[in-house]
Amino acid sequence: MCCESKRRFLLLYATQKGQAKAIAEEIWQQAGAHGLEADMHCMSEMDKYNLETEKDPVVIVISTTGTGDPPDTARKFVKKIQDKSLPPDHFAHLQYGLLGLGDSEYMFFCNGGRTVDRRLQELGAQHFYDTGLADDCVGLELVVDPWIDGLWLALREALQLQKEKEGMNNAVDAVSSSLSTAPHAVHELKLSSELQNLKLEDEGARGSDILSHKVDDINLVAPARDTEPSLVHSVPPVSQSALNIPALPPEYIEVEFQDTQGENPHLSSLISEGTTFEVPVTKAVQLTREDAIKTALLLELDIADTAFEYQPGDAFCVICPNNVSEVEKLLHILGLSEKGDDFVCVKVKQGTKKKGASRPQHIPERSTLKFILTWCLEIRAIPKKAFLRALVECTSDVGEKRRLQELCSRQGASDYTCFIRDSNVCLLDLLRAFPSCKPSLSLLIEHLPKLQARSYSVSSSNLYQPGRLCFVFNVVEFPTGPSRPVSRKGVCTGWLAELVAPLLHPSKSSLGTKGESSSPEKISIFPRPNNAFHLPADPSVPFVMVGPGTGISPFIGFLQHRQKLREQHTDWEFGETWLFFGCRHQDRDYLFKQLQCFLESGTLTHLKVCFSRDSSTAEVAPPKYVQDVLRLCAKEVARVLLKERGYFYVCGDKKHMADDVSDAVVDILSMEMEADKLEAMKILAMLREAKRYLQDVWS
């Protein structure tokens, strides 16, 4: 079908980390095969589209960030449509379909998409296709793939309806003067539409890579003993199925090696979020015993000579590199071990079919190859199906090629979830498992996402420790598994632990002589203020803190700040403070035993602790988890929240703690108010809305 005859629709995306953009690009690529043309723009490019005058259907793909906020690229758009002066029929002419992305591990699931969807409805816009809400917790593709599949018929029907309306408006006199022929004309129109749809589907099947691959010459013959599927092996029905695989993404990046030398860009140039600060690490303490299940470290940074500012409860981000040995292994597999220090120029490939192709913002135009792989690309990222599809073309072994096709196909969706997504497989794991796969450097730049800075809660008060910033973290461990033959540490926590090893074990350091201190290591950070997770503005208001494990981190800053205020303002009235802390073993991972000092000074009024793995000889077993201790203090917690209008803070793991704490609070409110559970849930929702029940959680 010629380009001129394709029907247009507007495609908008708003992304924070690139997922919404990648899905929008998938829609754009598939559109042509369905006889449609997607006019694609980032939602922030408001000079390139105008919803007020838009006549064609609009498709929106939007993610959610932070605590339910729209992504940064959607903020101007959201602010514009939330203008309260807009009339209720402002978008009455608009037809749209919306796909929201989110993570149900977090409280406000898909709230970015829901916010836009709700407001467009309030302003009179109409759905031409049902809203889809995709959950990254279980796999975006479980909703995204069928939503895109159904989009094409809905778009064609919306465009056909639009065409019929335009025809009726343009020829209303002719229709009224020839009523006798109208039924025949409508019948012909419907028949023509059906034939056209069949034609489009037929042409789409021929012109797209979303097609059925027959097993034929790419059968993977499995040994009889392999009856269980794995990353590299499939079993019926997948191994015998014709496959529906995604369209091959167009290549758009070109990499040129250069003979010239120079300097790599400064790390600050990789960050768009604001000012970065390079600060020394002045102190490192291991808070857990060597035999603890997890290793928790406290690091102190010297920010005295910077303009870095923070409040207790804020977070900040650490710019971290990929693991050096992993970068070396990747260079070796790519056959580029000798070229790691060579400078490369990255630019858009001439003649690319990718719409609006540009060099990714996180990739410098000129740097060494090693710099790109170390500081720019998330080489640990779980490969998307589009990446797997591209890797198929780089694989020479017939059996390996077939398995990669299966893993990115509709038929292999459960295998993808099990052996790639849930197994936390990365590019290196894939290249080890499929040794005939030899991707180009340009393909990696096209498909690997930006290496994200890692966020940490501040564990100090600038009032208590001027010029210092502390934070606490567990060194993340990824054990070996069937799809991952080697164990790994977290990208950032593993790097930080290695960086501060000389501070933790000075006697083992071979640098310098005894008594000399070498210059401290430096890291690059930037602020990430938290708009709500702060101490109450009124110091007389009581509050409850719940922070097991490293979730206690921000509350150390709270207590330090409160103690300094008490010293400076002896005439002020201060509300009572409760802290609920839990860990596995009292003698191995009780992170801050100096909490007793806050208790003795009166800064902390009540300290409740529990130890989930310690055995007890008591007749009545002590509570194991913070939610159990909360229930034992039900009357006091209810009093603080309901009678004294206090605050409630939760920090830590969402899946295994924060939801259980929330359930415990609902039970407490229900019991103390003598109300049913639904009423208690409404009260908790009101506390959240009033910013009196606050969470700083991670999954």
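1. A contact in this note means heavy atoms within 4.5 Å. By that criterion, and leaving aside residues up to four places away in sequence, Ser461 touches Tyr310, Pro312, Gly557, Gln560 and His561. The model is a predicted one, in which local features need pLDDT of at least 70, side-chain atom pairs count only at pLDDT 80 or more, and totals for chains, interfaces and linings use all residues. Residues are numbered from 1 along each chain as its sequence is written, and side-chain values use heavy atoms, with hydrogens and water left out.

2. The protein chain contains 21 helices and 24 strands; helices (H or I, at least four residues) and strands (E, at least two) are DSSP runs numbered from the N terminus. Of its 699 residues, 49% count as buried. Buried denotes under 20% relative accessible area, exposed over 50%, and partly exposed the range in between (1.4 Å probe, protein chains only). Among contacts between residues at least 6 apart in sequence, 79% join residues at least 24 apart.

3. How is helix 10 (residues 398-408) placed relative to the rest of the structure? Nine of its eleven residues are buried, so helix 10 is largely enclosed by the rest of the structure. The buried residues include the charged-type names Glu400, Arg402, Arg403 and Glu406. At the start of helix 10, a side-chain oxygen of Asp397 comes to within 3.0 Å of the backbone nitrogen of Gly399.

4. Two packed helices are described by the angle between their axes and the distance between the axes. For helix 19 (residues 634-643) and helix 20 (residues 654-673), the axes come within 9 Å and cross at roughly 90 degrees. Helix 19 is therefore roughly perpendicular to helix 20. Axes are lines fitted to C-alpha atoms, for helices over the stretch in contact, with angles running from 0 to 180 degrees between N-to-C directions; 65 to 115 degrees counts as roughly perpendicular. Helix 19 contributes Ala634, Lys635, Val637, Ala638, Leu641 and Leu642 to the contact, and helix 20 contributes Val665, Ile668, Leu669, Met671, Glu672 and Met673. These residues divide into ten nonpolar, no polar and two charged. Nonpolar covers Ala, Val, Leu, Ile, Met, Phe, Trp, Tyr, Cys and Pro; charged covers Asp, Glu, Lys and Arg; the others, Gly among them, are polar.

5. The structure holds zero disulfides, a disulfide being a pair of cysteine sulfur atoms within 2.5 Å. For Cys610, the nearest cysteine sulfur is that of Cys583, 7.7 Å away. Cys610 is buried, at a relative accessible area of 2%.

6. Pro236 and Pro237 are joined by a cis peptide bond, with omega about 5 degrees. Phi is near 55 degrees, a positive value in a residue other than glycine, at Cys110. Cys110 sits in the loop between strand 4 (95-102) and helix 3 (111-122) and is buried, at 1% relative accessibility.

Conventions
Parallel < 35°, antiparallel > 145°, perpendicular 65-115°, else oblique. Polar contact = N/O pair within 3.5 Å; in protein donor to acceptor, adjacent residues only side chain to side chain.
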